[in-house]
Amino acid sequence: MFSKSSMFDSTPRGGPKAIVSEYAVTGNDAGRGTLVAALAEAAFLIGLERNSDAVEMASCAPLFVNDNDRRWSPDAIVFNSWQHYGCPNYWMLHFFKESSGASLHPSTIQVSNYNQLVASAITWQNSKDGNTYLKIKVLNFGNKAIDLSISITGLENEIQTFGSVKTVLTSGSLRDENSFQQPDKVVPVESPISNAREEMSLVLDPYSLTSFDLLLDLKSSLQMMHSVPESSLHSSM
């Protein structure tokens with residue numbers, strides 16, 4: 001599934017739109033909902049996001065399962081008569097909840113001898129407070145931590161120093177799963193980004209999905225239609 005992140009890169013843009021009616025990682029690696037399955041699905045979805053001019057919509061397969069009547073694994077949400085929890089792939093989908101209606105921006109990854117990164121960049125507006133963010137999602141599907149340098153160009157105003165957030169989905173083992181006993185074993189962890197700016201050096205954990213939501217000031221939000229930022233990701237191990 002990770003390798004399928006580029007499957008729509010060469011799709012002709014003049015034809016009909018694609019609909020990915022069901023996607024899923026199944027089999028031994030998926031278990032009942034593992035971290036590695038969720039990360040592989042995230043890579044695929046980032047590929048869909050980058051090709052959103054050719055892909056109309058997508059849906060996971062399936063959403064719910066009763067723990068007393070399992071006929072398919074993994075599912076996003078597991079329940080019984082009195083409990084429920086989200087699997088890692090359910091929490092992974094939270095990284096894409098702002099994608100519908102967002103603006104996609106060009107992004108490039110420049111990495112030497114390392115092909116385990118997939119990334120996309122969008123701008124989205126928070127309907128609750130009206131703030132606009134540049135969201136950069138980066139998936140590291142390798143077993144090494146990556147020193148990441150982010151360079152953003154094209155914005156007419158600077159990113160606000162404070163108010164930006166980093167969110168990471170990872171765990172201690174690739175096969176880690178959530179359960180009724182440990183519903184929060186694999187969940188996103190959010191932390192503030194101090195001193196956010198157009199040029200930043202950050203670290204990507206091994207086997208992780210990371211989102212950088214960079215707060216843009218009001219003037220930038222109003223002028224976004226006239227400015228198409230490009231995010232360039234340079235990394236070294």
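**Exercise 1. Cysteines**

How many disulfides does the structure hold?

*Solution.* The model is a predicted one.
Step 1. The count of disulfides is zero.
Step 2. Take cysteine 60: the closest cysteine sulfur belongs to cysteine 87 and is 10 Å away, so the two are too far apart for a bond. A disulfide would need the sulfur atoms within 2.5 Å.
Step 3. Compare the surroundings. Cysteine 60 has a relative accessibility of 22% and therefore counts as partly exposed. Cysteine 87, at 0%, is buried.

**Exercise 2. The six-stranded sheet**

Determine the strand order of the open sheet of six strands, and describe its pairings.

*Solution.* 
Step 1. Reading across the sheet gives β6-β8-β9-β14-β11-β12, and the pairing is antiparallel.
Step 2. β6 (103–105) and β12 are the edge strands, since each pairs on one side only.
Step 3. From one strand to the next the twist averages 20 degrees.
Step 4. Now count bridges. Strand β9 (residues 132–140) is joined to strand β14 (residues 208–216) by nine bridges. β14 in turn pairs with β11 over five bridges, and five bridges also join β11 to β12.
Step 5. Assign individual partners. Leucine 139 stands opposite leucine 209 of β14. Lysine 166 has phenylalanine 212 in β14 as its bridge partner, while valine 165 is partnered by proline 192 in β12.

**Exercise 3. Aspartate 176**

Is aspartate 176 buried or exposed, and which side chain makes a polar contact with its side chain?

*Solution.* 
Step 1. Locate the residue: aspartate 176 is in the loop between β11 (164–169) and β12 (189–193).
Step 2. Its relative accessible area is 11%, so aspartate 176 is buried. The limit for this class is under 20%.
Step 3. The polar partner is the side chain of serine 171, at 2.5 Å.
Step 4. List the contacts, leaving out residues up to four places away in sequence: aspartate 176 touches Gly33, Thr34, Leu35, Pro88, Ser171, Lys185 and Val186.

**Exercise 4. Backbone exceptions**

Where are the cis peptide bonds at proline 62 and proline 74, and which residues other than glycine have a positive phi, among them asparagine 195?

*Solution.* 
Step 1. The bond between alanine 61 and proline 62 is cis, with omega about -20 degrees. Proline 62 sits in the loop from β2 (55–60) to β3 (64–66).
Step 2. The bond from serine 73 to proline 74 is also cis, and its omega is near 0 degrees. Proline 74 belongs to the loop between β3 and β4 (77–79).
Step 3. Asparagine 195 has a positive phi of about 60 degrees. This residue lies in the loop between β12 and β13 (199–204) and, at 41% relative accessibility, counts as partly exposed.
Step 4. Tyrosine 207 has a positive phi near 45 degrees. Tyrosine 207 is placed in the loop between β13 and β14, and its relative accessibility of 22% makes it partly exposed.

How values were computed
Residues are numbered from 1 along each chain as its sequence is written. This is a predicted model: local features need pLDDT of at least 70, side-chain atom pairs count only at pLDDT 80 or more; totals for chains, interfaces and linings use all residues. Side-chain values use heavy atoms; hydrogens and water are left out. Helices (H or I, at least four residues) and strands (E, at least two) are DSSP runs, numbered from the N terminus. Buried means under 20% relative accessible area, exposed over 50%, partly exposed in between (1.4 Å probe, protein chains only). A polar contact is a pair of N or O atoms within 3.5 Å; within protein, one must be able to donate a hydrogen and the other to accept it, and residues adjacent in sequence count only if both atoms are side-chain atoms. Contact means heavy atoms within 4.5 Å. Two strands pair if DSSP finds at least two bridges between them. Axes are lines fitted to C-alpha atoms, for helices over the stretch in contact, and angles run from 0 to 180 degrees between N-to-C directions.
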